[in-house]
Amino acid sequence: MERNTPDGTGPMHVPFGHIVANEKWRGSQLAQGMQGKIKLVFEDGLTPVDFYLSSRSCILYITEADLVAGNGYRKRLVRVRNSSKLQGIVVVEKTHMSEQYFPAVQKFTVLDLGMVLLPVASQTEASCLIIQLVEEQTKEPNKNPLLRKKRALISEPALLRTVQQIPGVGKVKAPLLLQRFPSIQQLSNASIQELEPVVGQSVAQHIHAFFTQSR
């Protein structure tokens, strides 16, 4: 599986329905949570990327320990953000221990870099979310409205928890959003005008600001 750039931020060949994972995650709780549900291929030298969902879409995973240790994670994010060949999604462990550091990483990721940030409470929850993201990518070409409706009714717990943590959303509005926008990608691409009928103008602006990527 060759990459086109020496710094590890080029496109990666990812077999359909697979995840290419950084070797450092082998045997982890995160990898174990995905095994049996999706095919994992471990590769050396993927730095700064943790998981490739497709040839151009990747996950940068920031652990609780990474947050507590300081700002070392920022270099990885910047390298992927500066790559024109990759779309990076940042997954962050938001726990009781790391919660005080979360606003800083959220500001840096979303406002400064314009990247999508998804908080999770644990590696188990992260594994469910990553599987959901891969399923979105493999199903997205299918425009069958019946499939879309079915997916809207069945929300992964991890996806629901993630949407609940968007400012202004909460437990009541999250299921309504997922019925209208059944994937993170659809929700992050929604305009304020599309969001308003579901959650109202104020919350729609919060959601749009949360996901807005700099152009």
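Modeller: A ground rule before the pairs: a salt bridge is a side-chain nitrogen of Lys or Arg within 4 Å of a carboxyl oxygen of Asp or Glu. Keep in mind that this is a predicted model.

Biologist: How many salt bridges does that rule give?
Modeller: Four. One of them joins Asp 50 and Arg 76, at 2.3 Å from N to O. That pair links distant parts of the chain, 26 residues apart. Asp 50 is in the loop between E2 and E3, and Arg 76 is in helix H3 (residues 73–81).

Biologist: Is Arg 76 buried or exposed?
Modeller: Buried, because its relative accessibility is 15% and the cut-off is under 20%.

Biologist: And Asp 50, buried or exposed?
Modeller: Asp 50 counts as buried too, at 1% relative accessibility.

Biologist: Which residues are linked with Asp 50 in a network?
Modeller: Lys 24 and Arg 76. The Lys 24 to Asp 50 salt bridge has an N to O distance of 3.2 Å. Here again the pair links distant parts of the chain, 26 residues apart. Lys 24 sits in the loop between strand E1 (18–22) and helix H1 (29–34). Lys 24 is exposed, with a relative accessible area of 53%.

Biologist: New topic. What does Arg 26 pair with?
Modeller: Glu 23. The closest N and O atoms of that salt bridge are 2.6 Å apart.

Biologist: How accessible is Glu 23?
Modeller: Partly exposed, with a relative accessible area of 26%.

How values were computed: Residues numbered from 1 in each chain as written. Predicted model: local features only at pLDDT ≥ 70, side-chain atom pairs only at ≥ 80, totals over all residues. Heavy atoms only, no water. Buried < 20%, exposed > 50% of the residue type's maximum accessible area, 1.4 Å probe, protein only. Helix = DSSP H or I, 4+ residues; strand = E, 2+ residues; numbered from the N terminus.
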